[in-house]
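Biologist: I would like to go through this model strand by strand. Can we start?

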Amino acid sequence: MQQRAFSWFLKGFLVLMLTATAFAAEQEQYLKSFEQKITTKVLPNGLTLIICDRPEAPVFSFTTFVDAGDVDDPSGESGLAHMFEHLAFKGTSQIGTKDYAAEKVALAKVEAANNAYEAEYLKPVGRDPKKLEELHKAFLAAQAEAQKYVIPNQFTEVAEQNGAHHVNAETGLDDTQYFWSMPENRLELWAWLESGRLSDTVPREFYKERDVVMEERRMRTDSNPIGRLVEQFLATAYVAHNYGRSAVGWPSEVSQITATEAMAFHKKYYVGGDIVVAVVGDVDAKTALPILERYFSKVPAGPKPEEMTTVEPKQFAEKSVIIREQTQPFYIEGYHRPSYRSPDDAVYDAIQDIMSNGRVSRLYRSLVEQQQIAAEAEGFSPFPGEKYPSLFAFYAVPLPGHTPAEMREAIHKEIEKLKTTDVTDAELQMYKTRARADLLRGLADNQGLANALAEYQTRYGDWRELFLQLDRVDKVTKADIRRVANQIFVASNRTSAEIDTEAPAASAKKDGGAE
Amino acid sequence: MKRLTMRSASGILIAGTIVAALAGPSAMRAQESKPWDKIPIPKLHEFKPQQPKRIELKNGIVLFLQVDHELPFVSGSVLIPGGSRDVDPPKAGLVDMYGQAWRTSGTAKMSGDAMDDFLEARAAHIETGGDVDSTAISWDSLKGDSNQVFDLAMDLLFHPKFSEEKLRLAQQQEATAIVRRNDDEEGIAIRESAKLVYGTNSPYTRQPELATIGRVTLADFQAWHDRTLHGKLIVGVSGDFDPATMEAKLRTTFEGLPPVRTEPARHDAFAGPKPGVYFIDKEDVNQSNIQIVGLGTDRRNPDVPTLAVMNEILGGGFGSRLFQKIRTEKALAYGVGGGYGFAYDHPATFRVVVMTKSVSTVDATKATLAEIAGLNTTPFTEAELKRAKDDILNSFLFRYDTKDKILAERERLEFYGYPADYLETYKAALEKVTLADLTAAARKYIHPDKLAVLVVGNGPEIKPGLNALEMGPVHAVDITIPKPGHPAGVPGGAEK
């Protein structure tokens, strides 16, 4: 139910990409053992099922990976993919309703009432306040009528009563993921619930849920200094591509999304070819596959919808954002980089690792330990998505008494070193070793594995890439790192954003309307 | 990520529940068919969770060995009694900084920086940290490196060499956290509401200040280390190892230590909050974070299983009273939840949280308080009891579905002195909870007149104002960060 987190304070954000590894023999061995445990099947409707048998305990985890996210929101409807994700928890024509036939009629009336109200509300001239009030009343009345047929939260209640654990979903710019874990004897029940909500979504309680999502925005973005900064940072870094648009949605847009729009999004993007479902745990493919096939065949057939075609034009001018407020200083900057499909993808991972991973990383040693100007400093990529050309970003949290300008200068010095001097053999080897270990560590967790399998299947057309990508990791050279650093870490490709702390008095003046 | 979960639990009585109580669940749910009820639920595959081997040494130290050959890793930890609640108030922050500097300083044989290089080259970790009641050292590596990493971890455990430079680094980290602590609305709300419950100077809420962290010295670290290392250590190792070899190694390492000395039990006083409304003004937010708090209990209380079921009804998941009422029905919040807390060895807090836009602060607070009060006035129903028990019991195995979770649970029980079969007896008790138990527990533990309401929000935007809650005068809470008392207390130039 959450917008994917923006905060780099939460380092887990990047860990999902179980990138890289330098082990040939073991890679082969693990790949083989997983090939024996994994069954894949593409259904006639295009949906891909992945089952991985890992009978450590009588439980399973699943991830439903839909290759559509807020980057696909139509113009003027930012936040739509996320809004739809909330709807997917509201039940179907078979669960969450007392009488679906009657409810359907009532929901159509809600939509008509909303359209009438909105038409009046959005009138550029001649809006009639009295009429608007009446229309609003009618809208509320229609909602109340539809509400009579609702059994609130029945979908999730049935899941939870059957032992569903960590029920949640995340909408990112690139994709939407639904997941939970359950006792293995509920596999068929889960397949019924999950296939139902993918294929038979009902726009139930939509307009109240929209208010809930507005509260989510207030919590994550408006009332959080870093949330505000990042929204402005991305909006500045991009001029054309949707990566620059607020993912949770601009307030005026997300607050006006309609159920009709959400259902249109569903119809276009929630088709078989756009969905991978991965199940990991105590699940025997022989018995499970026929069950899953039966249920997930209900998902409407369809090839992958066309992807958005906007390409961010090459940046030619450095851009910056300065927020002056009473919160503590912070610095972030980003450089445009290609998508995950770039042959240099692993080179970017290597740069991130060498610059940011742990107490040996260059930024930590330089800014935190030696210069003692920052509490934290890291680079990370790709951000805010991976499917389309994205950013390589750096941030630093100044120690008390230090400024964003110092962070910027210190980060640039470290970047300059990457461009002019080769990284050491030890650094490069460390990246490859850690990539290998991280991959292995991730294999012992049902939920993490389900996410990774579904993601790799979607992004590369084959879950095996989870292991095979390590070949690319192995091939990264010192020359690659210098080449890539020189390509992208240039001033004209940079956008920076910072918080400059303002004294309370000055800020009080601002409140007085000086702006 | 750590977050106030979006679906946090805690719901209290709902109008819908009242209807259900009157009309009965079947009338409320006039659905003809429940297709999901026809789906077969086979018998769960048999499962015998693998318990770790427990060895109690003659000196009182306890070892746990949990073998797991799935992946080629070995990890371990030593849990050490004594934490921030045991620190002298003028040096608040000591344990946090000790937890950092212990590892970053390293040993006489290998400095912390050299250790970083050694470990990271092997994708291995050794970490140290401090908590409210304990400190710990932990390690983790590929199997092939496990002997070396273990030896290094033991060197750090027994022979740390605290360094002035790393003390300063830890002070800088701590100072950064202090000066930034009022930027995060939720952080303020949780911290200040805990102070309302336990008191500002309680060992559980005492906060580090620039002055207190400036007073901490290397001698303090060493003294703390020497004192706590004599406690009852709990050593746990898990992963891909030969159990006989590992047992021998652990015995060699820990058997020679002197008999453990147990620190005297704590006798803290827990008064609970002074009821009323408290307010912290934060100009840069458009959503209020509302904390409704009181004193909770500890797990030795035999009513805990009943309270757990009550929590599930109040705020456990999507079906709970709070979620249903505040989020789904009234759409007042994205984040709403909470319940009656229980800790292992001291009273936890009763805490219900709701986050709502500034203008609906009073509405959301009233509605949430009504749900809390409703625990005593809106009768619990069989349907609620069943839902709550199903929720808890059917997901119970996620407490022990991995070997690491089982090990962690056993270590926890050992640390707090609970029987090894605690989870089983707890589960059996949950199964027996009745409606009468719930009613009695609500009467005994839910006292709306003893709760404090803390609102962190944008004062001018909150309309109607908090006076409209009609809970007496609104007390402003001052969260100004104190300037350090003397220049020596200003690490990293914090005076600016």
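This is a predicted model: local features need pLDDT of at least 70, side-chain atom pairs count only at pLDDT 80 or more; totals for chains, interfaces and linings use all residues.

Biologist: Which residue of β13(B) stands opposite B:V277?

Modeller: The two strands, β7(B) and β13(B), are parallel partners. Within that pairing, the residue opposite B:V277 is B:V453.

Biologist: Do β8 (residues 287-295) of chain B and β13(B) run parallel or antiparallel?

Modeller: They are joined by 5 bridges. One pair is B:V293 with B:A452 in β13(B). The direction of β8(B) against β13(B) is antiparallel.

Biologist: How many of the residues of β13 (residues 452-457) of chain B are buried?

Modeller: Buried means under 20% relative accessible area. B:A452, B:L454 and B:V456 point one way, B:V453, B:V455 and B:G457 the other, and all are buried. The count is 6 of 6.

Biologist: Why is one side of β1 and of β4 of chain B left without a neighbour in the sheet?

Modeller: The open sheet has 6 strands, in the order β1-β2-β6-β3-β5-β4 (chain B). β1 (53-56) and β4 (125-130) stand at its edges.

Biologist: At what angle do α17 (residues 446-460) and α18 (residues 465-475) of chain A cross?

Modeller: Their axes come within 10 Å. The contact includes A:Y456 of α17(A) and A:L466 of α18(A). The crossing angle is roughly 65 degrees.

Methods: Residues are numbered from 1 along each chain as its sequence is written. Chains are lettered from A and ligands numbered from 1 in the order in which they are written. Side-chain values use heavy atoms; hydrogens and water are left out. Axes are lines fitted to C-alpha atoms, for helices over the stretch in contact, and angles run from 0 to 180 degrees between N-to-C directions. Helices (H or I, at least four residues) and strands (E, at least two) are DSSP runs, numbered from the N terminus. Contact means heavy atoms within 4.5 Å. Two strands pair if DSSP finds at least two bridges between them. Buried means under 20% relative accessible area, exposed over 50%, partly exposed in between (1.4 Å probe, protein chains only).
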